[in-house]
Amino acid sequence: MSELRSSPEVLIRAEGLAKTFAKKQGAAFTAVAGIDFEVRRGEVFGFLGPNGAGKSTTMRMIGCVSPVSGGRLKLFGLDPNTEGPRIRARLGVVPQEDSLDLEMRARDNLHVYGRYFGLPRAVIRERAERLLEFVQLGDKAEEKVDSLSGGMKRRLTIARALINDPEILILDEPTTGLDPQARHVVWDRLYRLKQQGVTLILTTHYMDEAEQLCDRLVVMDKGRIAAEGAPHELIERYATREVLELRFPLGEQEQAAEKLAGIGERVEPLPDRVLVYAQDGEAALAETRGRGLEPVTALVRRSSLEDVFLHLTGRTLVD
Amino acid sequence: MSAQTLTPDTAATERSRRVPGGLVLSWRQFRFWLTLFRRTWRGTVLSAILGPVMYLTAMGVGIGTLINQNHDLPGGVGYLSFIAPGVLAATAMQNGMGEGSFTVLGSLKWNGNYWAAVNTPQRPEDVLLGTAMQGLMRILGLSVVFFASMLGFGTVHSAWGLLALPVALLTGAVFLFAMMAFSVTLNTDQGLNAAFRFVMTPLFLFSGTFFPWQQLPGWMQPIAFATPLWHGVVLSRELTLGTVDAGSALIHVGYLLAALAVAYGVARRNFRRRLYLSR
């Protein structure tokens, strides 16, 4: 019944979704401990969390390459445990590891992949041409993948994932391991796909990536969802408008943190710095100095998802 | 870049959404391997022809002339005629194990093409069958070349001998699937080398390929009977020498088919576990 009532625009629905790995000895390992979420057509949906939060496991369940062990998961209204191939025919997947054939030319990588979907040669040829152009690899079509840089390989993997004209593009850590410039090129291409109305799902442990690309995201920690919403909503809900970052000389930080109590809305001491959450960062800095504290450095910035994560879990995203 | 850029031939997309049956999916996996094969076939063909010719020359013409002919060998045939059908079956085993080893491990560890494949409508069982198809193609091709050399050396004494070809293919298939079942569980190639050294080589030497199994010590004979290769060797030999009888032939074929079914079943289970679960 719930299927009939649900909006057709919901492409993915998870209820109490769980994944448990049996271990040879000892207790089973729970990677995903019962999560709920919905992904709607045309949106960019993100899973933000540190390594080991269960993001990739969730992505593999969505990609129908890892059986669901608890709860419910539906893509296009279909069950991944029984309809995997039918669902995968409508997905594009960019895995964490590129899994490209290094010995093959860039164009041929798209070709053999397209054949798996039963696409005719002529269609693949035409699409490969266009997709390579789209990911700015038009001039690398005839080159062996081996000779491409990390960023080019990632873009080639994105082009490959688009060969079947997927309704949802799944990206697991799309820019991990890339240098800043290469990351921006990937973001730019993903942003263009978003503009074209492609539904994107991505995992990341970079808060700037999540903020730039995602319409909506869930913050994951230890196999559970800690919070859900649009990036700006989450920041409004869990952080103040601004953050004052203070560094003190070694050994003085602890005392300083105690003296800061009461400034702004919340004080968060970290190993290397103290964060003061306040609506007005400059005012908080003035008050800090007013209390006779002299930080080595002081920086006022806008709150980010990093702060949301810190607030929700007590830890930073990238350790 | 306009929106139209990524809205290509919708008819092809429509068709690609309808997922066909397992055989078509396996065929697509096979096509992937054919594409690769087109790059490397020259080397394969050369070694395929040189190998058996060197083997038969060295064994038959070299060692064979040192062996007391017409005396110890069942059927009173020359040594070359005795070993040639055995080597036919044994090389089919070797090729089967070879095809089921680095092909699979490389697809998991180095090329990643298996991980790419399961993100498409391909299922682990399609990946298994499609890869096996190319292995079988190679086993058959190499067996045909070897059989042609046997004909050239005059070692096929009966029209039944032609059936030694499907027997070689069947023998190779057993070891192909068994090896694939094993390889798909590995993370390094150490296990493969162990399999070659401690399984393939002893089987090659002690399954009645180079001397009559009756000469094995009594305690070793049941072990020989239990190995699929022994059944392949003996049946292949009975066929090319024309000494085959229906009863024992049925037992040999039945045993090989049963072994194939077990190997396929285990391979299918292991492929599912690896490609769907553990990552």
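In this structure, 34 residues of chain A are in contact with 32 residues of chain B, where contact means that the C-beta atoms of two residues, placed from the backbone, lie within 7 Å. On the side of chain A that touches chain B, the elements giving two or more residues are α3 (80–88), α4 (106–116) and α5 (121–134) of chain A. Helices here are DSSP runs of H or I with at least four residues, strands are runs of E with at least two, and both are numbered from the N terminus. The largest share of that side, five residues, comes from α5(A). By class, the side of chain A that touches chain B has 15 nonpolar, seven polar and 12 charged residues. Ala, Val, Leu, Ile, Met, Phe, Trp, Tyr, Cys and Pro count as nonpolar, Asp, Glu, Lys and Arg as charged, and the others, Gly among them, as polar.

Before I continue, a word on the model. It is predicted: local features need pLDDT of at least 70 and side-chain atom pairs count only at pLDDT 80 or more, while totals for chains, interfaces and linings use all residues. Residues are numbered from 1 along each chain as its sequence is written, and chains are lettered from A and ligands numbered from 1 in the order in which they are written.

Let us turn to chain B. How many helices and strands does chain B have? The secondary structure of chain B comes to 11 helices and zero strands. Its C-alpha atoms fill a box of roughly 85 × 35 × 35 Å, taken along the principal axes. Of the 279 residues in chain B, 44% are buried, that is, 20 or more other C-beta atoms lie within 10 Å of their own, with C-beta atoms placed from the backbone.

Now consider one pair of helices. Helix α3 (residues 79–99) of chain B packs against helix α7 (residues 164–183) of chain B at an angle of about 30°, with their axes 7 Å apart. Axes are lines fitted to C-alpha atoms, for helices over the stretch in contact, and angles run from 0 to 180 degrees between N-to-C directions. α3(B) and α7(B) are therefore roughly parallel to each other, a term for angles under 35 degrees. The contact includes L88(B) and M93(B) of α3(B), and F175(B) and L176(B) of α7(B). By class, this contact of α3(B) with α7(B) has 14 nonpolar, four polar and one charged residues.

Finally, chain A is divided into domain 1 (2–230) and domain 2 (240–302), with bounds from an automatic or database domain assignment. The C-alpha centres of these two domains of chain A lie 40 Å apart.

Terms used: Parallel < 35°, antiparallel > 145°, perpendicular 65-115°, else oblique. Buried ≥ 20, exposed ≤ 12 C-beta atoms within 10 Å, placed from the backbone.
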